[in-house]
Amino acid sequence: MLQPRKLHEDWIAVIIAFLTITLVVAGLKPALPKYSWSSGGDLLAQVSDMSNLLRICTLFLWVLGSLLLARFLAGDFKPTALMSGLLAIVLISLLAQLITTNKAIKDLGIEVVLFSLILGLFISNVIGLPAWIKPALQTELYIKIGLVLLGTNIIFGDILQAGMLGIIQSVVVVFTVWYFSFWLCRMLGLDDEFRMMISSAVSICGVSAAIATSGAIEGDNKKLSHVISLVMIVAIPMMLFMPYIAIWAGMSPAVAGAWLGGTIDTSGAVVAAGTMLGKEALKYATIVKFSQNVLLGLAAFLISLYWSYTKKKANYEKPTLRTIWERFPKFVLGFIVASLLFSFVLPSTVVADTKGALKEIQTYWFALAFTCIGLETKFTDIFKVENGKPALAFIIAQLFNIFFTLIVAYLVFK
């Protein structure tokens with residue numbers, strides 16, 4: 001069989017993401033099954049609904065086609081090894097979606113990626129991970145595709161129209177919290193890779209920043225999965241309790257929203273928490289979080305630059321523009337290009353018509369990724385890695401982030 005030159009995973013993610021964007025703009029897209037239930041009778045009727053079953057088949061074929069293309073471009077085309085494992089991951093992710101469409105769960109604003117992670121953790125830690133699923137565990141690829149698609153919802157005009165205050169807060173918080181986290185990790189004796197990934201995850205935008213940083217420093221995938229698990233676990237209580245703390249403290253919607261957007265590390269959790277405080281708070285929470293997301297590209301470049309100039313291994317190539325380019329995570333370029341394309345190039349009618357569908361597909365790629373993270377993670381190991389030092393560093397850094405961001409939010413939005 002004809003094989004192409006093997007491509008780096010970053011470029012593969014960009015190709016699949018832009019192929020998805022092209023198809024959606026052209027009017028072709030998979031439709032997620034539609035559920036909304038509050039009782040067992042409602043659930044049974046919707047699960048057995050033929051239109052939903054057809055949507056599930058279409059979605060599986062869409063994801064399977066994307067993954068087969070990815071493995072073909074990577075020079076590792078083994079379709080039979082992928083199909084059964086991918087079917088299991090897709091069904092687990094759809095089960096997570098089904099759970100989140102329950103009226104009681106939906107009212108809490110809990111996002112699908114959380115239940116994807118929980119279901120994956122349950123299977124991994126209670127049932128055990130079957131070997132036949134492992135070939136389809138392509139966690140980083142799924143996240144990178146989702147991150148490029150995230151760029152289609154980062155519209156510069158929306159951020160600038162809302163004013164510069166959110167951007168000012170984001171810049172101050174990101175650089176201060178990053179430096180504090182980096183210093184703290186050093187004090188606790190963590191290695192360079194953990195220090196970089198934890199600092200970026202806490203200060204910028206959680207999982208997205210951790211992935212970008214890992215790509216920039218060619219980090220260990222096990223360390224990356226550990227950091228991602230910490231992000232998700234810590235985000236849960238923050239999402240649930242911070243809105244009530246804001247109400248108890250009598251914060252204005254602007255201050256409360258800016259506080260939530262600047263501290264909670266996943267965009268979905270930010271939206272969920274902001275929704276609990278009303279439309280005004282949600283607006284400011286979204287502005288600040290999107291402003292931090294925009295900084296992802298700049299942060300990845302600076303990290304690539306820093307890592308190239310400070311790495312001291314023997315025979316390591318002297319820092320050059322080529323070195324920095326090779327270390328720069330290419331999927332971040334896809335994120336930036338997608339954002340610029342939807343901000344300044346495509347007609348506003350096209351953007352309005354496709355943003356919702358692309359957001360839906362992006363969320364599902366993330367759901368697949370978090371299912372894989374759960375399947376690959378032993379919950380008991382989360383606080384055992386390096387005697388719990390990464391977890392301790394993350395929690396302390398996040399506490400600093402919570403208090404520092406609150407002070408900045410009061411100063412900027414009071």
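**Salt bridges, a helix and a nonpolar patch**

Author: Lys144 and Asp10 form a salt bridge, with their closest N and O atoms 2.7 Å apart. Lys144 sits in helix α7 (residues 139-150) and Asp10 in helix α1 (residues 9-25), so the pair ties together parts 134 residues apart in sequence. The model is predicted.

Reader: Why is the contact between Lys144 and Asp10 called a salt bridge?

Author: The rule asks for a side-chain nitrogen of Lys or Arg within 4 Å of a carboxyl oxygen of Asp or Glu. Lys144 and Asp10 have N and O atoms 2.7 Å apart. That is within the limit, so the name applies.

Reader: Are Lys144 and Asp10 buried or exposed?

Author: Both Lys144 and Asp10 are buried.

Reader: Which residues are linked with Lys144 in a network of salt bridges?

Author: Glu9, Asp10 and Glu140 share that network with Lys144.

Reader: How many salt bridges turn up in the whole structure?

Author: The search finds eight. One of them joins Arg71 and Asp76, at 3.5 Å from N to O.

Reader: What makes the Arg71 and Asp76 pair count as a salt bridge?

Author: The cut-off is 4 Å. The N to O distance for Arg71 and Asp76 is 3.5 Å. So the pair qualifies.

Reader: Why is Arg71 called buried?

Author: Buried means under 20% relative accessible area. Arg71 has 14%, so it is buried.

Reader: Which residue forms a salt bridge with Lys223?

Author: Asp191 does, with the closest N and O atoms 2.5 Å apart. This pair links distant parts of the chain, 32 residues apart. Lys223 is in helix α12 (residues 221-248), and Asp191 is in the loop between α9 and α10.

Reader: How do you know that Lys223 is buried?

Author: Its relative accessible area is 18%. Asp191 has 26%, so it counts as partly exposed.

Reader: What shows that α9 has a span close to the one expected?

Author: Helix α9 has 23 residues. From first C-alpha to last it reaches 33 Å, close to the 33 Å expected at 1.5 Å a residue. Just after α9, Gly189 takes a positive phi of about 80 degrees.

Reader: What do the buried residues of α9 pack against?

Author: They pack against α10 (192-205), α13 (253-263), α15 and α19 (389-413). Among these buried residues are Val173, Val177, Trp178, Phe180 and Leu184.

Reader: Which residues form the nonpolar patch on the surface?

Author: Val171, Phe175, Leu298, Phe301 and Leu302 form it, with about 420 Å² of accessible area together. Helices α9 (165-187) and α15 (279-310) each give two or more residues. The largest share, three residues, comes from α15.

Reader: Why is Leu302 called partly exposed?

Author: Leu302 also lies in helix α15. Its relative accessibility is 36%, between the 20% and 50% limits, so it counts as partly exposed. The C-alpha atoms of Leu302 and Ala216 are separated by 9.3 Å, though the two residues are 86 apart along the chain.

Notes: Residues are numbered from 1 along each chain as its sequence is written. This is a predicted model: local features need pLDDT of at least 70, side-chain atom pairs count only at pLDDT 80 or more; totals for chains, interfaces and linings use all residues. Side-chain values use heavy atoms; hydrogens and water are left out. Patches are made of residues with over 30% relative accessible area and no salt bridge: like charges are joined within 9 Å, nonpolar side chains (Val, Leu, Ile, Met, Phe, Trp, Tyr) within 5 Å. Accessible areas come from the Shrake-Rupley method with a 1.4 Å probe; for residues, only the protein chains shown count as cover. Helices (H or I, at least four residues) and strands (E, at least two) are DSSP runs, numbered from the N terminus. The expected span of a helix is 1.5 Å times one less than its number of residues. Buried means under 20% relative accessible area, exposed over 50%, partly exposed in between (1.4 Å probe, protein chains only). Contact means heavy atoms within 4.5 Å.
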